[in-house]
Amino acid sequence: MNKRASIRNYFLFFLIPCYYFTLYSEDVLTKKYEEFGKFKIPLTEVKTPYEQTSMEKAEEEIDAEIDFQTSRCKQERLLQYAELLNRFSKVEGLILLKNCRNASSKTIPQIEKNAKQKLFELSKFPKLEILNPDPNDTYLSEVLKELMITWNERVYIYSNFYHKHSLIWLGEEKEFSEEINRIVYADILPKRKLSLIKKIHDDLNSSNQSLYFQFLYSQTNPFSAITLLEENENTKMVLIGFLSQLAREDSVSIENKLKTKQLKECLERLPGDHPKFRMLMVYGFWQDYEIFIREIGSKELKELNSTLQFLKKNIFQSHHFLGRLDASLKSCHSVAKFLTNYE
């Protein structure tokens with residue numbers, strides 16, 4: 001196993017969340033998930049006051065290691081590349097810092113080149129455009145159609161729920177997309193292909209359920225809040241600040257700026273003290289895209305700033321950004337309508 005895989009697998013061990021499944025019957029969970037699939041209204045069942053939970057260790061450990069390796073890297077350009085990489089993957093940023101520590105004058109240009117290549121690799125989100133290889137196979141067509149619906153829901157809806165410890169930006173969504181494309185266009189026996197497509201569809205659906213139930217029941221939140229009101233107030237503050245900044249971004253189209261304004265206004269109107277409302281329903285959207293509106297640092301280098309601007313243009317004009325923004329806006333409107341009629 002190479003160094004990158006070793007580090008990644010080590011931290012994946014800490015990423016397995018607890019969803020409190022044992023507290024609820026399977027029938028109740030199934031019904032909750034089916035209701036959300038039908039109405040797409042993200043309400044919460046979380047109980048408050050929250051239990052005091054210990055701080056998660058995975059992020060603390062890797063952040064401490066990044067700080068240590070940063071202090072040992074004396075190459076300003078590599079430090080700034082590491083800062084950009086950290087926004088996509090702390091693991092990749094840490095690997096670059098370790099390479100910087102041991103770099104010689106001869107190896108630095110190649111390390112820079114590799115870092116830039118990795119940035120573009122991590123920022124590129126694979127599209128999923130399924131073309132049925134056999135139009136006469138109606139059963140396969142139906143299976144692929146269902147898979148496409150589930151994939152769209154994952155990328156545009158479920159990814160907006162708060163999911164802690166995103167060490168790799170949209171990593172799981174990318175893995176699913178790449179694996180689906182690999183299977184659909186693989187030159188293998190039709191029966192085997194169908195079996196693999198069904199399997200990955202089941203895996204994707206299970207992953208969607210896990211994200212939904214974490215949002216629905218988990219008391220964990222990024223602010224260590226002990227009440228839903230406190231959590232919602234903190235979430236609203238960061239979301240409103242982010243959307244205000246996003247509306248000023250040159251890389252965001254006029255149409256999308258209008259939508260960010262509409263989302264901001266919708267979130268501002270929602271009552272933070274309502275027992276059925278959890279503003280973390282769109283926190284994942286902020287968590288993933290917030291990384292692109294930060295400044296590089298006090299010692300900006302023109303080349304790296306150009307790289308950042310290129311990345312921002314690609315991201316804010318991408319299908320997944322537009323789709324997730326639309327989904328966040330729809331979620332907010334659906335919750336607002338529900339809460340207005342709630343007794």
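**Aromatic pairs and a cavity in a helical protein**

The structure holds 26 aromatic pairs, where rings of Phe, Tyr and Trp (its six-membered ring) pair if their centres lie within 6.5 Å, and planes under 30 degrees apart count as stacked, over 60 as edge-to-face and the rest as tilted. This is a predicted model, in which local features need pLDDT of at least 70 and side-chain atom pairs count only at pLDDT 80 or more, while totals for chains, interfaces and linings use all residues. Residues are numbered from 1 along each chain as its sequence is written, and side-chain values use heavy atoms, with hydrogens and water left out.

Take Tyr33 and Phe213. Their pair is tilted, with 6.3 Å from centre to centre and 50° between the planes. Tyr33 belongs to helix H2 (residues 26-39) and Phe213 to helix H9 (residues 190-217), so the pair ties together parts that are 180 residues apart in sequence. Helices (H or I, at least four residues) are DSSP runs, numbered from the N terminus, as are strands (E, at least two). Tyr33 and Phe213 are both buried; buried means under 20% relative accessible area, exposed over 50%, and partly exposed in between (1.4 Å probe, protein chains only).

In another pair, the ring centres of Phe88 and Trp169 are 5.6 Å apart and the planes stand at 80°, so this pair is edge-to-face. Phe88 lies in helix H4 (residues 76-88), and Trp169 in the loop between helix H7 (138-156) and helix H8 (171-184), so that the pair links distant parts of the chain, 81 residues apart. Phe88 and Trp169 are both buried.

Tyr33 and Phe213 also belong to one aromatic cluster, together with Phe36, Tyr158, Phe161, Tyr212, Phe215 and Tyr217. Over the ring of Phe36 sits the charged end of Lys40, 6.0 Å from the ring centre; the rule is that NZ of Lys or CZ of Arg is within 6 Å of the ring centre and within 35 degrees of the ring normal.

The structure holds 1 cavity of 30 Å³ or more: on a 1 Å grid over the protein atoms alone, a cavity is a set of points where a 1.4 Å probe fits but cannot get out, and lining residues have an atom within 4 Å of a point. The largest cavity has a volume of about 40 Å³, the volume being the space filled by probe spheres set on the points. Its lining consists of Tyr162, Gln214, Phe215, Ser218, Thr220, Arg278 and Leu280.

As a whole, the protein has 14 helices and 0 strands. Of its 343 residues, 46% count as buried.

Definitions and conventions:
1 Å grid on protein atoms, 1.4 Å probe; cavity = no way out; pocket = protein on both sides within 12 Å on 5 of 7 lines; lining within 4 Å.
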